[in-house]
Amino acid sequence: MNELEKRLEELHELLHQYGYAYYVLDNPVVPDGVYDQLMNELIELETQNPSFIYPHSPTQRVGGTVLAGFEKVTHTTPMLSLSNAFNEEDLRDFDRKIRQAIGDKFSYVCELKIDGLAISLRYENGVFVQGATRGDGSVGEDITTNLKTIKAIPLRLTKPVTIEVRGEAYMPKSSFDALNVQRAEDELELFANPRNAAAGSLRQLDPKIAASRNLSTFIYSVGGDGEQYGISGHDAMLTYLDELGFKTNRERQACISIDEVLAYIEKWTTARPDLPYEIDGIVIKVDSFAQQDELGFTAKSPRWATAYKFPAEEVMTKLVDIELTIGRTGVVTPTAILEPVLVAGTTVQRASLHNEDLIKEKDIRIGDTVIIRKAGDIIPEVVSVVLEQRPDGTIPYEMPSHCIACESELVRIEGEVALRCVNPTCPAQLAEGIKHFVSRNAMNIDGLGEKVVEQLLREQYIQDVADLYDLQVERLMELERMGLKSATNLVEAIEKSKANSLERLLFGLGIRHVGEKAAKIFAAHFGSLDALKAATVEELTAIHEIGDKMADSVIAYFENEDVQQLIDKLKAAGVNMEFTGKKVEVSQIDSIFAGKTVVLTGKLTQLTRNEAKAQLEALGATVSGSVSKKTDLVIAGEDAGSKLAKAEQLGIDVWDEARLIEQLA
């Protein structure tokens, strides 16, 4: 190493050290002038020697050229959302379910729920190589260049580890206030809250804008199995992340009972305004990774964690009308039309009334003054009526007896609170079903917005979703505001959607209880629509994430004659009915791993965890994250912990990495 390289390495080390003390520990160790002097020296040396500008250099935080767009990033391990708790009863119910599943010997870790943007950071040999948004949990956007501008994110770790971490990017209150002052001076629209400001900053195509916004981060977990780092629990993992140079939230607390959790929540409910950043709740997690594995996941969230949401801000306004809508499953939903009012940073004019029972229970009437809030700080809802301000002459609200769209009699199915139109030809249900079918997360047909769908139905161009594939440019041009270019683009988008993978079609069909995640699980497991249609309840519920309720719904859906005719029409139109993702037909693979469920645990030295998983899946194995009676084989690396112990307890075959390498070869 020559003198130049030595000095560059020395400057990198000093600037990383001083930056960590300032931006992560909030404890500066040198005056700003010293830091600036060293940074200027580094910039000058790199300018004179551009071949020595490394990705982890502190100079790479300032933002480079404007990006053309954001590439998609598939998360190796999905970034799942958490279930919510809104009161003490919800939390005690969560605690009760945990104790029923694993007994009383466990502890929780409580953390502040930062109100920001979820991010994933990937490091190779200790160097930051990629950062992404959460997106839909499976696929996010590559925002590496923007994330490099956040000084709390280390560009190089204290150890040369390969690791993926998850966290929250946020805008401190002081940065938010300064930003809105500047935007007001520039006569620009103000940001509603720091969360929106942070998200907007990180999705700027010009990294210099993100760099100017003074964002920060808190890292709260690793992607994948934490035990591969020789650590047995969440609290110890956070300490390990501290040691690597990440900024974690120091206000976390270990709790051995739900009463301690409630005390922690009470403390921060009161102290919340004093924090220099926004929080919108408390995250509660079971500490032990082994117990997390035992508890497992639902299709949407882990069973071992929940997010307590703070009570929402409540304001008063006038309810001027009640509007009814018919959803794609026939449910009649009442919505309050309000005099506009500011709630939690945004103007609200509509609020959910949920169902007939709620309206009667709260005696909500048109003309009432009502208290509203945002449930979970997101969805506006009516909390109560201010009876003292009720005007004379108001009358109790009565839900209609017949559908507002087709005039069929509304029914109330036993065990449900919703009124429902059960007419399968109801135009309102049809319209909502088609809007769902063409939506971004379903068939993703650009140009088929709400108004175009309604126009197609009104003009009787379509009767169901399959009719979309018969639309022609010439016919579409007869519609209002539909020129040659728009019609051509729409037909091309419809044609393109035929090639979508099966999970998009399944989600688009709107099968009751089958959301986007479950649709992906079904598509990957069965491989084709015909195979799914032929599945029994037992075969459906054998899938780890699928319960009886969802399985019964799928069976009932495909038994419907109208559904069978619709699927036949879609097939005839050329719509793909196969899963086009990475799926291996096990029956065609000559491998000892074919059809086996394999669990990887401990630290592998010759392969990365992802490389081992990819090779096993290519040979027909299903790689699971937890050991159960369904597990066929456990691969145990160095420092294997509870998963190895459980495998031995269950009598499951255990291999070391050397044997795995031998078999893969």
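Predicted model: local features only at pLDDT ≥ 70, side-chain atom pairs only at ≥ 80, totals over all residues.
Let me start with Q460, which sits in the loop between α13 and α14 (473–476), where helices are DSSP runs of H or I of at least four residues and strands are runs of E of at least two, numbered from the N terminus. Phi of Q460 is near 60°, which is a positive value in a residue other than glycine. Q460 counts as exposed because its relative accessibility is 60%; the cut-offs are under 20% relative accessible area for buried, over 50% for exposed, and partly exposed in between, with a 1.4 Å probe and protein chains only.

Residues are numbered from 1 along each chain as its sequence is written, and side-chain values use heavy atoms, with hydrogens and water left out.

N125 also has a positive phi, of about 50°, although it is not a glycine. This residue lies in the loop between β4 (117–124) and β5 (127–133), and N125 counts as exposed because its relative accessibility is 57%.

H75, in the loop between β1 (72–74) and β2 (83–85), counts as buried, at 7% relative accessibility. Leaving aside neighbours within four places in sequence, H75 has contacts, meaning heavy atoms within 4.5 Å, with residues including S120, A132, T133, R134 and R166. A polar atom of the H75 side chain lies 3.1 Å from the backbone oxygen of T133; a polar contact is a pair of N or O atoms within 3.5 Å, where within protein one must be able to donate a hydrogen and the other to accept it, and residues adjacent in sequence count only if both atoms are side-chain atoms.

S352 is in strand β14 (residues 346–352) and is buried, with a relative accessible area of 17%. Its side chain reaches the backbone nitrogen of H354 at 3.2 Å, and, apart from neighbours within four places in sequence, S352 touches P334, P380, E381 and V382.

Now the helices. Where does helix α12 get its cover from? Among the elements covering its buried residues are β12 (314–326), β18 (420–421), α13 (450–458), α16 and α21 (561–572). In α12 (residues 427–437), 8 of the 11 residues are buried, including A428, I434 and F437.

Two packed helices are described by the angle between their axes and the distance between the axes. Here axes are lines fitted to C-alpha atoms, for helices over the stretch in contact, and angles run from 0 to 180 degrees between N-to-C directions. Helix α16 (residues 502–509) packs against helix α17 (residues 516–526) at about 135°, with the axes 8 Å apart. That makes α16 oblique to α17, given that angles under 35 degrees count as roughly parallel, over 145 as roughly antiparallel, 65 to 115 as roughly perpendicular and the rest as oblique. On the α16 side, L502, E503, L506 and F507 meet E516, A519, K520, F522 and A523 of α17.

Helix α20 (residues 548–559) and α21 pack at about 75°, with their axes 5 Å apart, which makes α20 roughly perpendicular to α21. Y557, F558 and E559 of α20 make this contact with E561, V563, Q564 and I567 of α21.
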